[in-house]
Amino acid sequence: MSTRSPEALSAMLEDMVYHQSRVLLLVRAVAEEPGNSGKLDGLTKLAKLDFLVRYPALAPVVLDELDSADPDLHLADADLSEPTLVSDPMIRYKYGPWDDKYYPVIGALVARGLIRYSTGRKGNVALVPTALGRAVATDLAADAAWEGTDDQCRAVARASAGLTGNALKVRIYQRLAKLMDRPHREMIT
């Protein structure tokens, strides 16, 4: 028997739906960008792009093609003055920002038929949105609650075109060195 209250269980489920929705929007945005062969290539790339979506004020620091005034980033002055004050922080991992939820989130999206696994470059696992996944992402993006997140996903996908997950990781370590200089498993705040 579970020791979780109904409220705690409900909050946990809402959190998982939130992550699945954001990751689905990001996979779709990257897959639709020219040069990505209709997929997001590698979990490292997913994690680094998701970091830039979750910390949108840091995206222009890492991605040369983005400007903090880009309306798709939806940045307010408060975001620019405190770029790591976000509602959903990530943890510092040995290869940069990471979230332990990626494996169950991706598994749930695959199980729901919203994305599928594919072979990426150098044997990486790539993620491909299915027709159903693209339709659900389109519906999500049309919802006012998700429109801003979809815009951020598209801006990050556009500005990162041609960069591998490793190239993104290197840029994050170089350009956000002070932020990444923290013990492993510590929240990035």
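Two strands are said to pair if DSSP finds at least two bridges between them, and helices (H or I, at least four residues) and strands (E, at least two) are DSSP runs, numbered from the N terminus. By that rule, β4 and strand β5 (residues 125–129) pair in the antiparallel sense over five bridges. The model is predicted, so local features need pLDDT of at least 70 and side-chain atom pairs count only at pLDDT 80 or more, while totals for chains, interfaces and linings use all residues. Residues are numbered from 1 along each chain as its sequence is written, and side-chain values use heavy atoms, with hydrogens and water left out.

**The sheet**

- Three strands form an open sheet with antiparallel pairing, in the order β1-β5-β4.
- The edges are held by β1 (40–41) and β4 (115–119), each of which has a single partner strand, so one side of each lacks a neighbour in the sheet.
- Within the pairing of β4 and β5, Ile 115 has Pro 129 in β5 as its bridge partner.

**Helix α2 with α7**

- Helix α2 (residues 43–54) and helix α7 (residues 144–159) pack at an angle of about 130°, with their axes 9 Å apart; axes are lines fitted to C-alpha atoms, for helices over the stretch in contact, and angles run from 0 to 180 degrees between N-to-C directions.
- The two helices α2 and α7 are therefore oblique to each other (angles under 35 degrees count as roughly parallel, over 145 as roughly antiparallel, 65 to 115 as roughly perpendicular and the rest as oblique).
- Leu 49, Leu 52 and Val 53 in α2 meet Gln 152, Cys 153 and Val 156 in α7, where contact means heavy atoms within 4.5 Å.
- By class, this contact of α2 with α7 has five nonpolar, one polar and no charged residues (Ala, Val, Leu, Ile, Met, Phe, Trp, Tyr, Cys and Pro count as nonpolar, Asp, Glu, Lys and Arg as charged, and the others, Gly among them, as polar).

**Helix α2 with α5**

- The axes of α2 and helix α5 (residues 102–111) come within 12 Å and cross at roughly 100°, which makes α2 roughly perpendicular to α5.
- From α2, Leu 43, Leu 46, Ala 47, Asp 50 and Arg 54 meet Tyr 102, Tyr 103 and Ile 106 in α5, and the residues of this contact divide into six nonpolar, no polar and two charged.

**Helix α2 with α8**

- The axes of α2 and helix α8 (residues 165–175) come within 8 Å and cross at roughly 40°, and α2 and α8 are therefore oblique to each other.
- The residues of the contact of α2 with α8 divide into four nonpolar, three polar and three charged.
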